[in-house]
Amino acid sequence: GGTLEYKYTAQPAWEPMAYGDGGGGTLIEANFPGANFVAPSEGYYELSADLNNMTWTATKTTWSIIGDATPGGWATDTQMNYDVVNQVWTVTVDMISGGSFKFRANNAWIIDFGIDENGNLQYADNPLYPYNPNLSNLTVPSDGNYTITLDLHLAGQYSYKLKKN
């Protein structure tokens, strides 16, 4: 909401450094008024900044689950809903324990998550990170109706929950 303007900061304060829009997908040091980024519309965005190359991206996202554990199999995404109050994505759906699934954005294999050997959610695909072939798909322990929650609101601390209903 509001003006849809924002800046990147390296810390939870404006100083010592903030980064702004240098135009054409480039970042500039912008610890001053102006040079704000402007989101094209309201929505849920994946914001990425590459300080080595001084570039940035803003990708508007919706989230879904896909896989042979889900009602749509690997052919059709099952859409998740955004909970504004709790800042999480959720879906309640019948799942199959003999299959597996992944979380993915925008019904495409450009931004998606798998889990590492410790069960932590990690990017499998992302425009700023290379493909990670070492991740596993997610599974459910038994057939049944589940509420699945995807929490992406804290960068670097992404998580998910499976609750059997």
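The model is predicted: local features need pLDDT of at least 70, side-chain atom pairs count only at pLDDT 80 or more, and totals for chains, interfaces and linings use all residues. Residue numbers start from 1 along each chain as its sequence is written, and side-chain values use heavy atoms, with hydrogens and water left out.

**Sheets**

Strands here are DSSP runs (E, at least two residues; helices are H or I, at least four), numbered from the N terminus. Two strands pair if DSSP finds at least two bridges between them. Strands of a sheet pair through backbone hydrogen bonds, either parallel or antiparallel.

| Strand pair | Bridges | Partner residues |
|---|---|---|
| β10 and β11 (residues 88–95) | three bridges | Y82 and W89 |
| β11 and β15 | seven bridges | T92 and T147 |

A second open sheet has five strands, ordered β9-β8-β12-β13-β14, and its pairing is antiparallel. β9 (78–79) and β14 (121–125) stand at the edges, each with a single partner strand, so one side of each has no neighbour in the sheet. Strand β8 (residues 63–66) meets β9 in the antiparallel sense over two bridges. There, S64 stands opposite Q79 in β9.

**A hairpin**

Strand β3 (residues 18–23) and strand β4 (residues 26–29) run antiparallel, joined by four bridges. G20 has I28 in β4 as its bridge partner. Two residues lie between the strands of this hairpin, and G24 takes a positive phi near 60 degrees.

**Largest pocket**

How much space lies in the largest pocket? The figure is about 930 Å³. The search uses a 1 Å grid over the protein atoms alone: a pocket is an open set of points with protein on both sides within 12 Å along at least five of seven lines, a cavity is a set where a 1.4 Å probe fits but cannot get out, and lining residues have an atom within 4 Å of a point. Grid points are joined across faces, edges and corners, and the volume is the space filled by probe spheres set on the points.

Of the 34 lining residues, Y45, E46, L47, L152 and Y158 are the closest to the centre of the largest pocket. The elements that give two or more residues to this lining are β1 (5–6), β6 (45–50) and β14. β6 gives the most, with six residues. By class, the lining has 20 nonpolar, ten polar and four charged residues. Ala, Val, Leu, Ile, Met, Phe, Trp, Tyr, Cys and Pro count as nonpolar, Asp, Glu, Lys and Arg as charged, and the others, Gly among them, as polar.

Is N126 buried or exposed? N126 is buried, at 6% relative accessible area. Buried means under 20%, exposed over 50%, and partly exposed in between (1.4 Å probe, protein chains only). N126 lies in the loop between β14 and β15 (144–151). Its side chain makes a polar contact of 3.0 Å with the side chain of E46. Such a contact is a pair of N or O atoms within 3.5 Å; within protein, one must be able to donate a hydrogen and the other to accept it, and residues adjacent in sequence count only if both atoms are side-chain atoms.

N52 sits in the loop between β6 and β7 (55–60). N52 counts as exposed, at 75% relative accessibility. The C-alpha atoms of N52 and M17 are separated by 15 Å, with the two residues 35 apart along the chain.
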